[in-house]
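Me: I am new to this structure. Please show me how to read it, one feature after another.

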Amino acid sequence: MVSNDMVEIRWHGRGGQGAKTACMLLADAAGLQGKFVQGFPEYGPERMGAPITAYNRISEQRCTIHSFIYDPNYVVVVDETLLDSIDVTGGLKASGAIIINTPCSPQEMRPRLRGWTGKVCTIDARRISEEILGRNLPNTPMLGAVVKVSGVLESERFLVDIEESFQNKFAGKPQLIQGNLATLKKSMEEVQIG
Amino acid sequence: MSSPLSGNEAVAYAMKQINPDVMGAFPITPSTEIPEYFAQYVANGEVDTEYVTVESEHSSMSVCIAAQAAGARAISATSSCGLALMYELLYVAASCRLPITLACVNRALSGPININHDYSDSMGARDSGWIQIYAENNQEAYDNFIMAMPVGEIPSVRLPVMTCMDGFITSHAVENIELLETDAVRRFIGEYRPENYLLKKENPLAVGPYDVSPYYMEHKVLEAEAMKAAKARILEVAAEFEKISGRHYGLFEEYKMEDAELVLVLIGSTAGTAKAAVDKLREDGVKAGLVKIRVFRPFPGEELARALAGTRAVAVMDKSEGFSANGGPLFAETRSALYDLKERPYTIDIVYGLGGRDIRVEDFEKIFSRLANIAQTGEIGPVYTHMGQRSKEETV
């Protein structure tokens with residue numbers, strides 16, 4: 001039930017930024033690669049801008065655990081202002097990494113992480129999405145960054161599968177498909193690991 | 001293997017495959033996505049269901065009752081306060097012996113208002129005459145919905161069926177799932193051909209008239225007999241379902257029970273988390289096991305007593321309060337079922353997870369540790385406790 005290969009990811013974002021959607025897309029892509037997956041949000045009183053959490057479990061065997069994730073391998077912070085109000089590195093495994101949406105470098109971010117000594121990765125998801133999609137939609141670039149940093153999915157295959165997911169998701173807005181793919185690729189190239 | 005689906009999407013997909021005659025549709029969190037997905041199927045012409053949008057759950061169930069009484073197959077989906085608003089109609093549906101199928105996505109019932117999971121909604125409806133079948137995950141939610149109609153529609157049963165899944169934990173979590181081919185689902189469900197219905201011209205009948213005392217009790221006894229008959233039918237349908245799906249279902253699932261001494265009895269997704277704890281304890285040589293109740297109505301009392309005979313200590317886990325001052329509803333049923341055993345295990349009740357409070361693998365380790373202590377000392381301590389309160393020292 002609990003396999004050693006299981007990767008657990010915790011997403012921190014704000015309502016409206018698409019953290020839950022990115023979490024679901026990751027589950028979808030991992031499922032297409034033959035993995036067993038879970039993708040689920042933690043809901044409070046929903047409103048734009050309120051902190052939200054979402055979770056992924058990805059493994060080779062079906063995981064029956066349905067609690068939230070307290071000791072993740074990776075933490076994704078979709079909104080860096082959350083660093084001041086939420087203990088985002090809480091329970092993060094020492095061998096893991098935190099991935100933050102920020103224009104700053106990993107070295108600049110480290111002092112804000114309450115003594116976290118593990119890997120810090122940064123990506124300017126806002127700039128990437130604004131440049132390519134013309135809007136601040138940070139979730140897709142963050143998805144690209146977590147796939148790259150975690151290595152949980154095979155990157156080439158991920159890009160092929162996710163294109164298919166986008167085709168379903170954006171069936172009514174086909175212009176978004178190539179833009180979102182481009183943001184994914186760009187963030188996979190640009191993510192800084194420190 | 002299909003793409004991962006959420007519980008809501010899986011049940012909506014089962015509904016599409018079934019292509020029922022009528023859906024009474026009114027949204028409420030966390031079941032809202034079910035009528036949403038289904039509305040798309042209707043709009044796309046993928047089903048020819050009469051999709052009736054109404055102004056309340058009282059009306060969505062009324063639509064189902066009218067449709068089913070007219071000889072159609074009717075479905076609905078709801079949660080929490082929506083189920084509460086159907087309360088009167090639930091009894092009408094069951095007593096009129098109308099095998100409606102309702103997807104109940106469990107959510108705490110007000111108040112205080114809360115959108116997250118517990119069983120206070122469906123446990124409140126446990127005496128309404130509906131069959132209740134609970135799911136651990138999206139796969140079971142899908143499978144249970146497909147099995148519901150063959151269970152409810154058979155003349156020996158003719159009762160409505162509520163298939164329950166955990167709000168958010170199951171309804172909004174995407175997980176891998178194996179779907180059946182639509183043709184296989186339709187063959188499995190078959191055509192609905194009730195012997196009698198409202199508009200049958202050879203035998204016109206009234207449905208739901210006043211019932212006088214000289215007859216009322218006989219009707220209720222028939223309803224009670226139907227609920228007893230449902231047990232065998234649920235197993236029959238499960239056996240048929242296994243032939244087309246390869247997946248086995250019973251009245252409950254026994255997990256590592258062959259030689260188990262310390263046992264949990266529980267419902268739903270929590271059982272999955274508890275299985276991980278059982279696995280861990282088994283590695284340490286603890287004879288831990290669990291029974292996951294799938295069918296709560298009819299309650300499998302005799303079968304459960306057999307499964308628990310020979311165990312030493314049992315913790316019943318209630319994810320709804322019940323306010324009986326004597327333990328939660330699952331505890332009441334379980335302890336009553338054990339009464340006729342010559343040698344009974346020690347039994348305690350743990351109320352947990354109200355309003356979506358999370359429960360972790362580590363919590364179960366504490367519960368098993370308490371059970372070990374009870375088995376060893378024979379001292380039960382408090383029979384009925386609430387676990388995981390933020391203001392208290394952690395006592396299980």
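Reply: Start with a term. A nonpolar core is a set of buried Ala, Val, Leu, Ile, Met, Phe, Trp, Tyr and Cys residues joined through C-beta atoms within 7 Å. Buried means that 20 or more other C-beta atoms lie within 10 Å of the residue's own; 12 or fewer means exposed, and in between is partly exposed, with C-beta atoms placed from the backbone. The model is predicted: local features need pLDDT of at least 70, side-chain atom pairs count only at pLDDT 80 or more, and totals for chains, interfaces and linings use all residues. Residues are numbered from 1 along each chain as its sequence is written, and chains are lettered from A and ligands numbered from 1 in the order in which they are written.

Me: How many residues does the largest nonpolar core have?

Reply: That core has 178 residues. Among those with the most contacts inside it are Val76(A), Val146(A) and Val265(B). Helix H1 (residues 19–32) of chain A gives the most, with 10 residues. Helices here are DSSP runs of H or I with at least four residues, strands are E runs with at least two, and both are numbered from the N terminus.

Me: Where does this core lie relative to the domains of chain B?

Reply: Domain bounds come from an automatic or database domain assignment. Domain 1 (5–245) and domain 2 (252–386) of chain B both give residues to the core, so it lies between them.

Me: What does Val146(A) touch?

Reply: Two residues are in contact if their C-beta atoms, placed from the backbone, lie within 7 Å. Not counting residues up to four places away in sequence, Val146(A) touches Ile9(A), Tyr74(A), Val76(A) and Ile99(A).

Me: Is Ile293(B) buried or exposed?

Reply: Ile293(B) counts as buried, because it has 24 C-beta neighbours inside 10 Å. Ile293(B) sits in strand E11 (residues 288–293) of chain B. Beyond four places in sequence, its contacts are Tyr134(B), Phe252(B), Val265(B), Ile267(B) and Leu330(B).

Me: How do I read two packed helices?

Reply: Use the angle between their axes and the distance between the axes. Axes are lines fitted to C-alpha atoms, for helices over the stretch in contact, and angles run from 0 to 180 degrees between N-to-C directions. Under 35 degrees is roughly parallel, over 145 roughly antiparallel, 65 to 115 roughly perpendicular, and the rest oblique. Take helix H3 (residues 57–69) and helix H5 (residues 87–95) of chain B: their axes come within 9 Å and cross at roughly 10°. So H3(B) is roughly parallel to H5(B). Met61(B) and Ile65(B) of H3(B) are among the contact residues, as are Leu89(B) and Val92(B) of H5(B).

Me: Which classes of residue make up that contact?

Reply: Ala, Val, Leu, Ile, Met, Phe, Trp, Tyr, Cys and Pro count as nonpolar, Asp, Glu, Lys and Arg as charged, and the others, Gly among them, as polar. The contact of H3(B) with H5(B) has seven nonpolar, two polar and no charged residues.

Me: How many residues link the two domains of chain B by contact?

Reply: Contacts join 26 residues of domain 1 to 22 residues of domain 2. On the domain 1 side, H9(B) gives the largest share, five residues. The C-alpha centres of the two domains lie 28 Å apart.

Me: How many residues does each chain bring to the contact between chains A and B?

Reply: Chain B gives 21 residues, and chain A gives 21 residues. On the chain B side, H10(B) gives the most, with five residues. That side divides into nine nonpolar, seven polar and five charged residues.
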